[in-house]
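Please keep the sequence and the 3D view open while reading.

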Amino acid sequence: RLGKKVNITGKGRCNVTNDCDRETLLASIPGNGRFLYGALTRFTPRDTMAFFEALGVPLKVERGNRVFPVSDSAFDITNALERELKRRKVRWARDRAVSVETEDGAVCAVTGEKGTYPAQAVILATGGMSYPGTGSTGDGYRIAEALGHTIVPPEPSLVPLVIREKQCRDMMGLSLRNVTLSLYDGGKCLFQELGEMLFTHFGVSGPLVLSASCHIPQIEPDRYTLSIDLKPGLTPEQMDLRLQRDFQLFQNRTLFNALSKLLPKGMIPAAIQLSGMDGNIRVNQITKAQRLAFGAFLKAFPLTVQGFRSISEAIITRGGVSVKEVSPKTMESKLLPGLFFAGELLDVDAYTGGFNLQIAFATGYAAGCSI
């Protein structure tokens with residue numbers, strides 16, 4: 001089915017692009033962003049927006065400059081593309097590509113399971129290995145490698161994280177908003193951002209966590225830690241004053257029952273356990289040192305990363321066709337004339353927020369114009 005993967009992006013709403021300038025766009029691509037400089041200059045987010053609006057899909061810009069159809073339906077995007085294919089009399093074959101054929105050192109055809117298709121140029125745009133149910137089963141890597149291309153080993157990116165602390169399971173389904181998540185490699189901060197996240201039966205997920213996962217170059221159990229600032233709007237001093245007020249208000253209650261105004265109900269047992277505090281202590285018996293330590297804990301709620309979830313749960317795949325073997329201007333193979341690449345199959349990846357679809361559109365445009 002045409003557009004099967006696009007239809008599930010953005011939770012079915014399709015985050016088409018990100019309405020930002022080129023510098024912001026390149027800064028949001030930790031994986032080989034400079035390779036994309038030319039493609040993203042020639043087909044910008046504004047070009048993407050103008051393209052779809054010209055096809056009759058009105059767009060809107062939401063928080064974080066994320067761009068969506070006004071209808072909140074990804075099907076409007078894929079239906080518009082399908083209409084444009086028909087208008088331009090593009091033919092498509094419903095077949096599975098098995099290999100790209102060559103003759104005299106250049107592309108000459110594509111062999112599928114149902115037939116062979118003569119071609120002077122071929123664009124490999126098969127995606128990575130995430131969401132294999134949509135067809136992204138890694139065929140593109142195999143085909144490119146058979147033609148002599150180097151494949152940087154595919155890994156999950158924009159992927160939920162498995163956490164060691166069992167308290168995550170106790171908080172399963174709890175969503176946190178307006179918190180700051182930091183990712184550390186030892187004492188070095190690799191990522192820090194304000195936003196939303198979610199606790200699951202295996203660990204953590206949500207926009208902040210997916211973005212943080214991009215900054216883990218190679219997973220090693222217990223090497224990376226997460227720190228959640230549950231009250232980023234409060235300084236440590238203000239946090240202590242807040243605790244003092246709440247403890248005064250609930251002075252005869254236990255700590256378990258005195259945090260109802262400060263923390264989500266489902267988080268209170270986990271917070272007390274991980275902080276090392278006694279949940280049954282009455283708050284009027286808590287010392288200043290204990291209170292300050294608990295306030296500091298709430299400003300840096302710690303979690304230990306054990307691993308990535310599987311690549312089938314990742315939004316995108318990191319790795320792929322080495323960009324050293326691809327022309328950044330044309331997206332043509334430096335090894336085989338007539339072979340072009342576009343999208344996630346390349347070893348490029350970006351944060352969540354519409355950036356990865358923009359990369360797909362820009363590289364596709366570069367390849368198409370070159371052909």
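Which residues in the largest nonpolar core touch the most other members? They are Phe35, Val321, Met331, Phe341 and Leu346, out of 55 residues in that core.

## Basis of the values

This is a predicted model, in which local features need pLDDT of at least 70 and side-chain atom pairs count only at pLDDT 80 or more, while totals for chains, interfaces and linings use all residues. Residues are numbered from 1 along each chain as its sequence is written, and side-chain values use heavy atoms, with hydrogens and water left out.

## Nonpolar cores

A nonpolar core is a set of buried Ala, Val, Leu, Ile, Met, Phe, Trp, Tyr and Cys residues joined through side-chain atoms within 4.5 Å. Buried means under 20% relative accessible area, exposed over 50%, and partly exposed in between (1.4 Å probe, protein chains only). In the largest core, with its 55 residues, helix H12 (residues 355-370) gives the most, namely 7 residues. Helices (H or I, at least four residues) and strands (E, at least two) are DSSP runs, numbered from the N terminus. Another core, of 48 residues, lies apart from the largest one and includes Phe199, Val204, Leu259 and Phe301.

Phe341 has contacts (heavy atoms within 4.5 Å) beyond its neighbours within four places in sequence; among them are Ile123, Leu124, His149, Val321, Met331, Leu346 and Thr363.

## Strands

Strands S9-S12-S11-S10-S13-S14 form a closed barrel of 6 strands with antiparallel pairing. On average, neighbouring strands of this sheet are turned by 45° against each other, direction ignored; the axes behind such angles are lines fitted to C-alpha atoms, for helices over the stretch in contact, and angles run from 0 to 180 degrees between N-to-C directions. Two strands pair if DSSP finds at least two bridges between them. Strand S11 (residues 188-199) and strand S12 (residues 203-205) run antiparallel and are joined by 2 bridges. Leu198 stands opposite Ser205 in S12.

Strand S2 (residues 59-62) is also antiparallel to strand S3 (residues 66-69), with 4 bridges joining them. Val61 has Val67 in S3 as its bridge partner. The hairpin of S2 and S3 has 3 residues between the strands, and there Gly64 takes a positive phi near 75°.

## Aromatic rings

Rings of Phe, Tyr and Trp (its six-membered ring) pair if their centres lie within 6.5 Å; planes under 30 degrees apart count as stacked, over 60 as edge-to-face and the rest as tilted. The whole structure holds 5 aromatic pairs. Phe51 and Phe52 form an edge-to-face pair, 5.1 Å centre to centre with 80° between the planes. Phe51 counts as partly exposed because its relative accessibility is 33%, whereas Phe52 is buried at 1%. Together with Phe361, Phe51 and Phe52 form one aromatic cluster.

A charge sits over a ring if NZ of Lys or CZ of Arg is within 6 Å of the ring centre and within 35 degrees of the ring normal. The charged end of Arg13 sits over the ring of Phe68, 3.9 Å from its centre, and the charged end of Arg309 sits over the ring of Phe202, also 3.9 Å from the centre.

Arg242 lies in helix H8 (residues 236-249) and is buried, with a relative accessible area of 18%. Not counting residues up to four places away in sequence, Arg242 touches Leu234, Lys261 and Leu262.

Arg291 belongs to helix H11 (residues 288-298) and is buried at 14% relative accessible area. Arg291 and Lys114 are 70 Å apart in space, C-alpha to C-alpha, and 177 residues apart in sequence.
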